[in-house]
Amino acid sequence: MLSGKVALVTGGSRGIGRAICLELAKQGAKIVVNYAGSQGAAEETVNGIKALGGDAIAVQGDVASYEDAEKMVAATVEAFGRIDILVNNAGITRDNLLMRMKEEDWDAVINTNLKGVFNCTKAVSRPMMKQRSGRIINITSVVGQIGNPGQANYVSAKAGVIGLTKSNAKELASRNITVNAIAPGYIETEMTDKLGDEIKTKLFEAIPLGRMGQPEDIANLVAFLGSDKAAYITGQIMNVDGGMVM
Amino acid sequence: MSTDIFARVTNIIVERLGVEEGQVKLESSFKEDLGADSLDVVELVMELEDEFDMEISDEDAEKINTVGDVVTYITSNK
């Protein structure tokens with residue numbers, strides 16, 4: 001479905017990002033696995049792709065820095081000659097109640113989760129505009145749609161990504177670049193492992209399908225949105241959440 | 001020197017905006033006379049950067065309205 005295409009996945013070393021890298025590679029895309037700190041995990045992802053017979057490199061860079069974002073895109077074009085798909089997946093959490101949330105926790109989450117999407121999208125828009133084609137897929141979250149106590153920073157960033165997705169979709173549509181967002185619900189990753197059993201039981205009650213999702217559930221949709229089959233879809237927010245938000 | 005620059009700039013404009021060579025004059029405004037939208041102007045600036053191997057800052061790019069602005073900019077920053 002994606003042979004000949006080149007994808008850059010931010011935060012691709014672990015969790016949902018890793019599953020996205022592996023699925024895009026399975027579909028034939030060449031992958032640039034971006035990571036901020038987990039070099040070992042990024043190399044594992046690259047090795048996983050190579051084991052599938054795919055082609056991949058790992059590139060370090062902090063999406064919160066525009067300079068780093070430009071370097072990642074340049075490294076992608078240098079390694080594989082073009083860039084067809086950008087998956088803005090990199091994200092962090094610094095949860096706390098509003099009253100206890102430190103300014104730096106707010107800033108860190110906004111800078112990575114929201115400004116990071118702006119930075120990478122801006123950096124990639126030049127080569128994509130020249131190619132007259134591109135797919136940008138942003139990973140937001142159901143909490144950006146419904147709110148969540150203890151996550152004022154994360155929720156604000158994810159809600160911001162939804163607005164940014166729509167704005168960028170309108171701006172880039174005339175150049176055949178589509179921009180969509182996926183809103184995962186509760187997906188089994190290291191990020192959600194931290195939740196206590198009590199919270200999990202409560203959560204399941206709010207999920208019609210009654211269970212958590214897997215990273216692959218997200219990756220499958222990314223692969224579809226990145227393919228030519230999704231050419232007429234842009235500016236959309238798609239939930240993969242077991243029916244949590246309807 | 002600047003006639004050569006004008007010719008190269010004209011080529012890019014003709015190709016990018018699909019206008020006739022005769023329409024491209026120094027006083028032509030990209031948006032009003034040549035039918036460019038703001039994204040077209042951004043793309044033109046990108047191509048000019050490649051063609052003339054230079055970087056045009058966002059601040060300077062925003063001041064570009066006419067073909068003459070481009071030729072003057074390139075001539076004085078080359």
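## A modified serine in chain B

B:Ser38 is found in helix 2 of chain B, which covers residues 38-52; helices (DSSP runs of H or I, at least four residues) and strands (runs of E, at least two) are numbered from the N terminus. This is a predicted model, in which local features need pLDDT of at least 70 and side-chain atom pairs count only at pLDDT 80 or more, while totals for chains, interfaces and linings use all residues. Residues are numbered from 1 along each chain as its sequence is written, and chains are lettered from A and ligands numbered from 1 in the order in which they are written.

An unreviewed UniProt entry lists B:Ser38 under "modified residue: O-(pantetheine 4'-phosphoryl)serine". UniProt positions follow the numbering used here, feature names are shortened, and annotations may be inferred rather than shown by experiment. B:Ser38 counts as exposed because it has 11 C-beta neighbours inside 10 Å.

## Chain B as a whole

Chain B has four helices and zero strands, and its pattern along the sequence reads α-α-α-α. Its radius of gyration is 11 Å, close to the 12 Å that the globule rule gives for 78 residues, so chain B is as compact as a globular protein of that length. The radius is taken over C-alpha atoms, and the globule rule is 2.2 Å times the number of residues to the power 0.38.

Along the principal axes, the C-alpha trace of chain B spans about 25 × 25 × 20 Å. Of the 78 residues in chain B, 14% are buried. Among its contacts between residues at least 6 apart in sequence, 55% join residues at least 24 apart; a contact requires the C-beta atoms of two residues, placed from the backbone, to lie within 7 Å.

## Chain A as a whole

Chain A contains nine helices and seven strands. For its 246 residues, a compact globule would have a radius of gyration near 18 Å, and the 17 Å of chain A agrees with this. Its C-alpha atoms fill a box of roughly 50 × 35 × 35 Å along the principal axes. Buried residues account for 46% of the 246 residues of chain A. Of its contacts with a separation of 6 or more, 74% are between residues 24 or more positions apart.

The annotation "domain: Ketoreductase", from an unreviewed UniProt entry, covers residues 5-185 of chain A. That stretch is 52% helix and 18% strand, and its end C-alpha atoms are 28 Å apart.

## Helix 2 of chain A

Just after helix 2 of chain A, A:Gly53 has a positive phi of about 90 degrees.

Six of the six residues of strand 5 of chain A are buried. In a regular strand, side chains alternate between the two faces of the sheet. On one side of strand 5 of chain A are A:Gly134, A:Ile136 and A:Asn138, and on the other A:Arg135, A:Ile137 and A:Ile139, all of them buried. Strand 4 (residues 85-88) and strand 5 of chain A pair in the parallel sense over four bridges, where pairing requires at least two bridges found by DSSP. A:Ile85 has A:Arg135 of strand 5 as its bridge partner.

## A loop residue of chain A

A:Met212 lies in the loop between helix 8 (197-205) and helix 9 (215-226) of chain A. It counts as partly exposed because it has 19 C-beta neighbours inside 10 Å. Apart from neighbours within four places in sequence, A:Met212 is in contact with A:Tyr186, A:Ile187 and A:Glu188.

Definitions and conventions:
Buried ≥ 20, exposed ≤ 12 C-beta atoms within 10 Å, placed from the backbone.
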